[in-house]
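Let's take a friendly walk through a protein together. Have the sequence and the 3D view ready, and look along as you read.

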Amino acid sequence: MAVPTLLPAVVPHVPRALNPAELRARARLISLSEYGAAGTYVVICPQEGELALPPDSPEWFGWFATLSSFRFVGQSGRFTAYRETDHGKPTRGWVAHRCSHNRHFKHWLAVTDRLSIARLEQMAARLQAHVDAL
């Protein structure tokens, strides 16, 4: 007589809750638009990886409309941008921010549908000039 074999019980995978430090680390990951070594701009989203967004295209501006902040690394400098708020609600306006040697510099950047490569590069150069003057 054959002895029945018992199969191990299948336990469904339940993801564990993230601890506060892990939540803060994930919150710090923001999207990046960077001038790459190949002479093109690369868009990197923490959740989706590299995105094929042609600069200054409708998809480009649509992507920015979904963000609350992003980093830009251009040919002339870099900065972090965040969306302005009005009574706690995000607006279409963006502010560029750069910190160096414990000094903070920020300037009005643009509204979402004006975040062109030319404008981003212009602001990166402007903020880099502040840093170089230190």
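## A charged pair

Does aspartate 113 count as buried, partly exposed or exposed? Keep in mind as you look that this is a predicted model. Aspartate 113 has a relative accessibility of 37%, so it counts as partly exposed.

Side chains of opposite charge can pair when their charged atoms come close. Aspartate 113 does this with arginine 92: the two form a salt bridge whose closest N and O atoms are 2.7 Å apart. Aspartate 113 sits in the loop between β7 and α3, while arginine 92 belongs to strand β6, so the pair ties together parts that are 21 residues apart in sequence. Arginine 92, at 48% relative accessibility, also counts as partly exposed. The count of salt bridges comes to one.

## Helix α3

Now find helix α3, which covers residues 117–132. Its 16 residues reach 22 Å from the first C-alpha to the last, close to the 22 Å expected at 1.5 Å a residue.

Which residues of α3 are buried? They are Ile117, Arg119, Leu120, Glu121, Met123, Ala124, Leu127, Gln128 and Val131. What do these buried residues pack against? Their partners are the strands β2 (41–45), β4 (69–73), β5, β6 and β7, together with helix α2 (58–65).

## The nonpolar core

Next, turn to the inside of the model. The largest nonpolar core has 26 residues, and the members that touch the most others are Phe70, Phe79, Leu109 and Leu120. Two or more residues come from each of β2, α2, β4, β5, β6, β7 and α3. The largest share, six residues, is given by α3.

Setting aside its neighbours within four places in sequence, leucine 120 is in contact with Trp60, Phe64, Phe70, Phe72, Phe79, Leu109 and Leu115.

## Two histidines in loops

Two histidines have a backbone angle to look at. Histidine 87 has a phi near 55°, a positive value in a residue other than glycine. You will find histidine 87 in the loop between β5 (78–86) and β6 (89–100). With 77% relative accessibility, histidine 87 counts as exposed.

Histidine 101 is not a glycine either, and its phi is positive at about 50°. The place to look for histidine 101 is the loop between β6 and β7 (103–111). Its relative accessibility is 66%, so histidine 101 counts as exposed.

## Cysteines and an exposed alanine

A disulfide is a covalent bond between the sulfur atoms of two cysteines. How many disulfides does a search of the whole structure find? The search finds zero. Cysteine 45 is buried, with a relative accessible area of 7%, whereas cysteine 99 is partly exposed at 39%.

Finish at alanine 52, in the loop between β3 (49–51) and α2. Is alanine 52 buried or exposed? Its relative accessible area is 81%, so alanine 52 is exposed. Valine 42 is ten residues away from alanine 52 along the chain, and the C-alpha atoms of the two are separated by 7.8 Å.

Conventions:
Residues are numbered from 1 along each chain as its sequence is written. This is a predicted model: local features need pLDDT of at least 70, side-chain atom pairs count only at pLDDT 80 or more; totals for chains, interfaces and linings use all residues. Side-chain values use heavy atoms; hydrogens and water are left out. Helices (H or I, at least four residues) and strands (E, at least two) are DSSP runs, numbered from the N terminus. Buried means under 20% relative accessible area, exposed over 50%, partly exposed in between (1.4 Å probe, protein chains only). The expected span of a helix is 1.5 Å times one less than its number of residues. Contact means heavy atoms within 4.5 Å. A salt bridge is a side-chain nitrogen of Lys or Arg within 4 Å of a carboxyl oxygen of Asp or Glu. A nonpolar core is a set of buried Ala, Val, Leu, Ile, Met, Phe, Trp, Tyr and Cys residues joined through side-chain atoms within 4.5 Å. A disulfide is a pair of cysteine sulfur atoms within 2.5 Å.
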